[in-house]
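Please consult the sequence and structure shown here.

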Amino acid sequence: MRQIKNIIMGLTLVLGFVSCESLDVEPKGFYSDENFYKTIEDAEASMLYAYDGLTQVSYAPVTYYLTELASDNCIVKPDEGADAQAFVNWEVTSQNQLLTQYYRSCYIAINRANAVIENVEGRGFNENDENRLLGEALFLRAYNHFNAVKAFGLAPLQTSLIDKLDETTASLPADMQVVYAFLISDLERAINYLEVNRVVGRVDKIAAQALLSKVYLFAASAKESGVPKYETILESVENLYAKAAQYSGDVLFNQGEYSHDLNLQNIYNVEMPNGPEHIFILSMDSSGTAEGDYSKLSKYFIPWIGGATVYLKNIDDSFSPTHDGWSVFQTTDDLFTAYNTDDLRRNNLFVSEVFDETGASLGTTGDGVVAYPFTRKYIDPNFEGDKTSTRPYLLRYSDIQLVYAEAAANAEGLVQYNNIRNRAGVSELADLSGLSKEEFRQLVIEERQRELAYEGDRLWDLRRTNTVQAKVTQAAGLSPEAVAFYPIPQREIDLNPNIN
């Protein structure tokens with residue numbers, strides 16, 4: 001991917017930017033759709049450039065500021081910048097630079113996907129290659145739009161490639177019905193184009209089914225919970241849940257490539273990005289030469305512990321080295337105490353004590369050497385300085401098991417719910433007697449917090465269930481819309497007169 005990116009840097013104008021300010025540049029070494037998409041290699045390069053949009057430093061790491069800091073999972077270190085503090089305190093304004101970075105990154109990635117969609121079809125490529133590229137690009141366009149919708153609500157739908165100045169002022173969609181019809185259409189087309197084809201860092205038919213199940217689940221619970229603007233979705237809540245169950249069921253029951261990993265540790269082993277759980281995981285590794293190709297994600301979650309290498313004790317009593325970190329995303333007591341004391345996700349995936357290379361203890365959370373219990377989900381024992389192979393987990397099989405459990409809310413859903421709990425070593429729920437669908441769904445959402453902590457989903461779950469203010473005291477007193485949506489950045493409003 002890194003070699004391909006270097007080859008096609010001249011695509012930046014056509015594929016990379018959204019605002020008038022960005023487009024008002026005379027390109028050098030310009031590739032247009034007339035002189036670039038001549039071979040399948042050209043098309044593949046453009047496709048990889050679209051994937052590369054997800055690894056932008058202003059996108060992948062910033063996601064956690066929006067989703068973890070604004071939830072009950074994390075707080076931020078005291079001396080982090082004011083824009084980061086604003087997420088914890090629910091004081092995010094349209095001037096917030098982290099928010100602006102995230103917004104722009106979504107649309108840069110969307111534009112790169114649009115470049116593939118508009119320039120691959122009808123070029124005379126092999127039908128299988130054309131279908132695969134179109135399916136992947138449609139997935140990415142939907143994935144990035146869905147991120148924008150979860151963050152900002154009625155955000156612009158960029159349905160075509162921006163390659164002229166007069167195309168940079170898309171209007172806001174009329175309502176959520178328009179938004180979700182667009183997302184669903186893109187993902188249905190992606191499913192039809194794609195086959196099951198596991199490649200680390202890329203998507204296939206199963207990824208499209210998984211994402212569509214999450215789109216339907218978000219719409220169902222948001223409409224049911226009275227989230228502002230979701231009343232305009234025409235389909236009934238019952239049908240939305242049924243379709244979430246249908247597509248998540250396709251992932252669970254109608255393929256044999258992805259599956260539930262019985263080994264909790266394997267899921268977060270940086271040397272196993274092709275493990276059975278990983279439906280979509282970014283292609284980042286420590287051999288990269290620029291941040292985004294390699295990852296610094298681990299630095300955000302690990303505390304600063306004297307600025308040196310420390311060792312973590314493994315379940316087999318061996319030790320693994322790690323750098324220390326920046327202490328940015330700090331575990332809350334609410335999250336840590338949400339686990340039973342015998343939960344393997346608490347006992348095996350949180351670190352409360354660190355050691356030196358001889359196995360001697362350097363300190364614990366009790367004596368303050370370890371400032372807070374931190375996650376082992378982003379640990380790379382083969383780190384090279386700040387360079388690691390830790391990757392965001394974008395779509396995981398266990399996530400879709402819980403989507404199915406919540407959407408179906410029946411005996412089959414209970415099996416999936418218990419599957420997650422059994423792996424964690426905690427008690428199963430014997431049956432659904434005495435529980436309404438709403439009560440069981442609440443149990444599933446609580447399980448999602450424990451299972452998917454630090455993976456960028458918590459705020460979205462709180463938003464779609466309209467429970468932000470019940471879980472995050474800092475959000476008390478805000479209006480329903482302020483809780484449900486971040487403001488569109490002022491810079492984008494200034495550049496686009498059609499956003500109001």
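Predicted model: local features only at pLDDT ≥ 70, side-chain atom pairs only at ≥ 80, totals over all residues.

## Nonpolar cores

In soluble globular proteins, nonpolar side chains tend to be buried together. The largest nonpolar core comprises 130 residues, and those touching the most other members are Y65, F139, Y180, Y230, I279, F280 and Y486. Leaving aside residues up to four places away in sequence, Y180 touches F146, V149, V215, F218, A219, Y230 and I233. Another core, of ten residues, lies apart from the largest one and has L312, V354, V370 and I379 among its members.

## Salt bridges

The structure contains 33 salt bridges. One of them joins K77 to E80, with the closest N and O atoms 3.8 Å apart; K77 and E80 are both buried.

E451 pairs with R396 at 3.3 Å between the closest N and O atoms. Because E451 belongs to helix 18 and R396 to strand 10, this pair ties together parts that are 55 residues apart in sequence. Both residues, E451 and R396, are buried. A single network, joined by salt bridges that share partners, takes in E277, D343, R345, K377, R396, R421, R423, E447, R450, E451 and E455. Within the pair of E455 and K377, the closest N and O atoms are 2.7 Å apart. E455 sits in the loop between helix 18 (437-452) and helix 19 (458-464), and K377 in the loop between strand 9 (374-375) and strand 10 (393-396), 78 residues apart. E455 and K377 are likewise buried.

## Largest pocket

The largest pocket has a volume of about 370 Å³. Its lining consists of 18 residues, with Q265, N269, N314, S320 and R376 lying nearest the centre. By class, the lining divides into six nonpolar, nine polar and three charged residues.

Notes: Residues numbered from 1 in each chain as written. Heavy atoms only, no water. 1 Å grid on protein atoms, 1.4 Å probe; cavity = no way out; pocket = protein on both sides within 12 Å on 5 of 7 lines; lining within 4 Å. Points joined across faces, edges and corners; volume = space filled by probe spheres on them. Nonpolar A, V, L, I, M, F, W, Y, C, P; charged D, E, K, R; others polar. Core = buried A, V, L, I, M, F, W, Y, C linked by side-chain atoms within 4.5 Å. Buried < 20%, exposed > 50% of the residue type's maximum accessible area, 1.4 Å probe, protein only. Contact = heavy atoms within 4.5 Å. Salt bridge = Lys/Arg side-chain N within 4 Å of Asp/Glu carboxyl O. Helix = DSSP H or I, 4+ residues; strand = E, 2+ residues; numbered from the N terminus.
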